Amino acid sequence: MAGLRRWLDGMPERWIPPTGRDLASPYRFLFWLTRSQSRRITLGAVLGICWMVGLTIPPWVLSRAVDKGLVARDTPALIEWALVLLAVTVLNALLGIARHRTMTKIRMDAAFRSVRATVWHTSRLGASLSRRMTAGEVVTVGISDVYTVAQALTVTGPGVGGVVAYAVVAVVLFTISPLLAAVVLAGVPLLAIAVGPFLQRIERTGSTYRAHQGSLTTRLVDVLAGLRVLNGLGGKTYVAQRYERESQSLVGHGYRVAGPSSWVGALSTGLPALFLAAVVWLSARMAATDAITIGDVVAVYGYVAVLVIPVASLIEGGGDLARARVAGQRIIDLLNLPVAHGDNARTRISNGPLADPESGVIVRPGLLTALVAANPAEAIAVIERLGNVGTNAVTWAGIPIDSVDREEFRRRLVVADNDAEVFAGTVRDVVAGRLDADDDRIRTALRVAVAEDVVEALPDGLDTAIAAGGTDLSGGQRQRIRLARAVYAEPDVLLAVDPTSALDANTEAAVVDRVREARSDTTTVITTTSPLVLDRADEVIVLQDGKLSAASTHAALLRSDPYYRDLISRAQDDE
């Protein structure tokens, strides 16, 4: 038996991501979680059935003890049946422990499998995720929804066992009295009619609550990220009051969810109790007319009392499924966000121009190119399309980037976003990123980004730990560390979003000079309106209303393009 349990429970350590069919609906996603650990689910169902059915045995044993021991005044028989009752009780306790252990593992596996699926997909989405789903929504999916969905898998154990136990009790009662069996069987539809409307309300109110919860979590993430700025501006009190108002609004939505949920909990306890009273009253009436024996009355009471557990499990399982449907929809909404290009693309590319048909921008290889726009969002949009953040028609050396091998593309082209995350770790780990750390190359990258002084000022140099988000660094220091990380990757194409905006003029000039020297044989694109950077660029591309307006050197554009002159003049005045 122990060997069989180990075989059923022994799940191989492998993970296969969900397919499109698995993400068609919340229930399809639940089925994927079930299928992914089928042997453990099988064990949980078997243990749930054995435990639930085992609960019906003590009433039968007790009825035998009454009829054959107490009524017959047979002491040996009474002791014999008492010992059988003890053995059955101990066995049920062991089955209950095994069932609970297995169901806990099922829920944990489902939660971690869901978390892994979301982490896997968010890594594939890359920088596009923040523009398609809020940070609070992602956080809520990871810390709340996955566990709500995992809880619903409890129905595969006690839920399945409850159905079987209900059927077994009905059959046993039929042998005592067909009337009692009919009453028991009629109870299930009545319970469904009573509980069904509340489950539907849980789904409706749960969706609204979940949407507000994600929005409030997003605001909390934003507040924590900008707490230092809020302190400086004196706006912390205002933001705290606003958060409190929205939090109280969420509490109101929570009460609307709690209402039907509390009714489901109350009905899961109260209805079986009323049901028990009705059946016991009926069986007592039948015993008074000698239709059944006193032992049968004891057995009927025991059977129906035992039914409280499976009926409560079925009602709670219905509530879990209703909540899982809401949470599961949020998870599959995230997992269904389209990735920029497929994992199966295997096209190889050589060095060549990057072309964005939407804006008309063409980035020539081997140059330091500056991208200028009166509205910075227009330049950032071009960078995102060139970096394949979202589906677009950009080509590289004449080849659509959607068809380029993903690993090759991410290795050869890097988007250095000014808001890119700085993860907690040593300076060495932060600069190396996903690549193997090489101290000589790291120091070279830091020199190119004019970040040597940042590291020299730290107590342990490259071994100094940096806090998550780089909160223990100044804005300029974080910017240079981010640039060093991008330079360390040595991409063929580096697309940098305003990488010098937080630097003073001398440092900015040094950064551009060193980047140009270090990347003389590769392609670098920088969005900027700084004359210091523009003057050092090989080519300046001007955008007007998101479209290519002009392309030349900084000096030539100042002489020939009035729009460019006005744009640079306004940018200098703003500074």
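Q: Which residues line the largest cavity, and what makes them lining residues?
A: The largest cavity is lined by L483, L494, A496, P499, T500, V511, V512, V515, T524 and I526; they count as lining because each has an atom within 4 Å of a cavity point, a cavity being a set of points on a 1 Å grid over the protein atoms alone where a 1.4 Å probe fits but cannot get out. The model is a predicted one, in which local features need pLDDT of at least 70 and side-chain atom pairs pLDDT 80 or more, while totals for chains, interfaces and linings use all residues. Residues are numbered from 1 along each chain as its sequence is written, and side-chain values use heavy atoms, without hydrogens and water.

Q: What is the volume of the largest cavity, and how many cavities reach 30 Å³ or more?
A: The volume is about 50 Å³, taken as the space filled by probe spheres set on the points, which are joined across faces, edges and corners; the count is one cavity of 30 Å³ or more.

Q: Which element gives the most to this lining?
A: Helix α18 does, with three residues, while β9, α18 (505-518) and β10 each supply at least two; helices (H or I, at least four residues) and strands (E, at least two) are DSSP runs, numbered from the N terminus.

Definitions and conventions. On a 1 Å grid over the protein atoms alone, a cavity is a set of points where a 1.4 Å probe fits but cannot get out, and a pocket is an open set with protein on both sides within 12 Å along at least five of seven lines; lining residues have an atom within 4 Å of a point.
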